[in-house]
Amino acid sequence: MSEPSHIEICLADPSKGPSLLFFSGGSALDKTSSLLTKYTHNSIHLLTPFDSGGSSAKLRKAFNMPAVGDLRARLMAIADDSLEGHPEAVALFRYRLPTDQPQATLKTLVEHLQSGEHPLVEATSNTVKQLIENNLRAFLDQVPNDFDYRGASVGNLVITGGYLNNHHTLTHVVDQISEIVNALGIVRTTTDDDLELIATLANGTTVSGQHKITAKETRPLNRKIVNLMLSGPSSTLDVKNHALISDADLIVFPPGSFFSSVIANLLPTGTGNAINESAKPKVFIPNLGIDPELHDTSLIEQIELLNHTINKDLSDGKETKAIDMVLTDSTLRSDIDQAFKDYLFSKQIRLVDVDLRGNHPLQYDERKLIEALINVAVS
């Protein structure tokens, strides 16, 4: 009888799966993250807190805080959906206020949630009720009178209240919610600092704000981004995040918005050192779809930008090989040609070229991608 494969072992007992660490943001990886919980309960998700659009922008403006929408969404993506989980708590944290009601009505709705009089709260445990009561009270006590409640996520409001209750830090409230929904992995922001992304374009102009860089609410920049930085004082990676990076079995730079999700996560001081300290593989998975942020930026240039950003912490100014592998499917990318392979060979970067084709030509198959990453992590 043959030995079970690494994949079979992980599926049989995800609690013993490898620790795959993702630098990401936004919703691009949420579906993959949810499926990943079937293979491992040890994934680590470091997310950008720099979103400056949508409902996150309202909270940031009101409280001078980092964005928490992507944090809440990823926590819900890896929440335990089995009978041992807490679907009533997940439903509460995912609930959004209506967009077609008067502000006074919406504020009253939040007050009902805070007091436990709303059906969504009544269905939860005493632990959740206590969290809602304490955190929404902090939110309501400090919210500006002109705050726009329309479409607000209850989970975001609860996290905001936890941020206000805990000395303007996110760790405690994230740990509380992770325990409540039995999160099958670790989710953290790379920093709790209230900062903006600033992109420098090829023509020398600068653009401030993630929502402008991603072009989700504005027109595409249609110019190459040559540098990305954070506003204000330099942010520093905390000790816990440093340890998570250094100890992970595999470090992954996944598909998604290249600058505002992946590169942005690498900007806090110390992140590059933590990555370079790890002896485990570092894998870059390039996008298949159209990323407006990558106007005329070649795959080779993306790798160079990753290496440069990761190595910025090195005091001697010498750049090391920060990326070990490029994982993709060459049948889905026309730029995986001989010139690109020669470049990788010159940089001692391995090309992991495997079948990742799914039902959509501009998206990797999530299951194939996860299994490829696990095979790399345990090989």
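Student: Why is Ser208 called partly exposed?

Tutor: This is a predicted model, and in it Ser208 has a relative accessibility of 40%. Buried would need a value under 20%, and exposed one over 50%. The 40% of Ser208 lies in between, so the residue counts as partly exposed.

Student: Where does Ser208 lie, and which residues is Ser208 in contact with beyond its neighbours within four places in sequence?

Tutor: Ser208 belongs to strand β5, residues 206–208. Apart from those neighbours, its contacts are Glu196, Leu197 and Ile198. A contact requires heavy atoms within 4.5 Å. As for Leu228, it is 20 residues away along the chain, and the two C-alpha atoms are 9.8 Å apart.

Student: What makes Gln348 exposed?

Tutor: Its relative accessibility is 63%. The cut-off for exposed is over 50%, so Gln348 passes it. Gln348 sits in the loop between α16 (338–347) and β10 (350–353). Its phi is near 60°, a positive value in a residue other than glycine.

Student: Which other residue has a positive phi, with a value near 55°?

Tutor: That is Asn222, which is also not a glycine. Asn222 is found in the loop between α11 and β6.

Student: How many aromatic pairs are there?

Tutor: The count is 8. One of them joins Phe139 and Tyr149, with the ring centres 6.3 Å apart and the planes at 80°.

Student: Are Phe139 and Tyr149 buried or exposed?

Tutor: Phe139 has a relative accessible area of 0%, which is under 20%, so it is buried. Tyr149 stands at 3%, also under 20%, and therefore counts as buried.

Student: Why is the pair of Phe147 and Tyr149 edge-to-face?

Tutor: The centres of these two rings are 5.1 Å apart, which is within 6.5 Å, so they pair; their planes stand at 85°, which is over 60, so the pair is edge-to-face. Phe147 is at 7% relative accessibility, under the 20% cut-off, and so it counts as buried. Phe139, Phe147 and Tyr149 form one aromatic cluster together with Phe63.

Student: How is the packing of α6 and α8 described?

Tutor: Two packed helices are described by an angle between their axes and a distance between the axes. Helix α6 (residues 103–115) and α8 have an angle of about 145° and axes 8 Å apart. Lys107, Val110, Glu111, Leu113 and Gln114 are the α6 side of the contact, and they meet Ile132, Glu133, Leu136, Arg137, Phe139 and Leu140 in α8. By class, these residues are 6 nonpolar, 1 polar and 4 charged.

Student: What angle and distance do α13 and α15 have?

Tutor: Their angle is about 30°, with the axes 9 Å apart. The contact involves Phe258, Phe259, Val262 and Ile263 from α13, and Gln302, Leu305, Leu306 and Thr309 from α15. It contains 6 nonpolar and 2 polar residues, with no charged ones.

Student: What lines the largest pocket?

Tutor: The pocket has a volume of about 900 Å³ and a lining of 41 residues, with Ser27, Ala28, Leu29, Gly256 and Ser257 nearest its centre. Among the elements that give two or more residues are α2 (30–36), α3 (54–63) and α13 (258–265). The most comes from α4, with 4 residues. The lining has 10 nonpolar, 21 polar and 10 charged residues.

Student: What about the second largest pocket, and which element gives the most to its lining?

Tutor: Its volume is about 280 Å³, and 16 residues line it; nearest its centre are Asn227, Leu228, Met229, Leu267 and Lys312. β6 (225–230), α13 and α15 (299–310) each give two or more residues. β6 gives the most, 5 residues. The classes are 9 nonpolar, 6 polar and 1 charged.

Methods: Residues numbered from 1 in each chain as written. Predicted model: local features only at pLDDT ≥ 70, side-chain atom pairs only at ≥ 80, totals over all residues. Heavy atoms only, no water. Phe/Tyr/Trp six-rings, centres within 6.5 Å; stacked < 30°, edge-to-face > 60°. Buried < 20%, exposed > 50% of the residue type's maximum accessible area, 1.4 Å probe, protein only. 1 Å grid on protein atoms, 1.4 Å probe; cavity = no way out; pocket = protein on both sides within 12 Å on 5 of 7 lines; lining within 4 Å. Points joined across faces, edges and corners; volume = space filled by probe spheres on them. Nonpolar A, V, L, I, M, F, W, Y, C, P; charged D, E, K, R; others polar. Axes fitted to C-alpha atoms, helices over the stretch in contact; angles between N-to-C directions.
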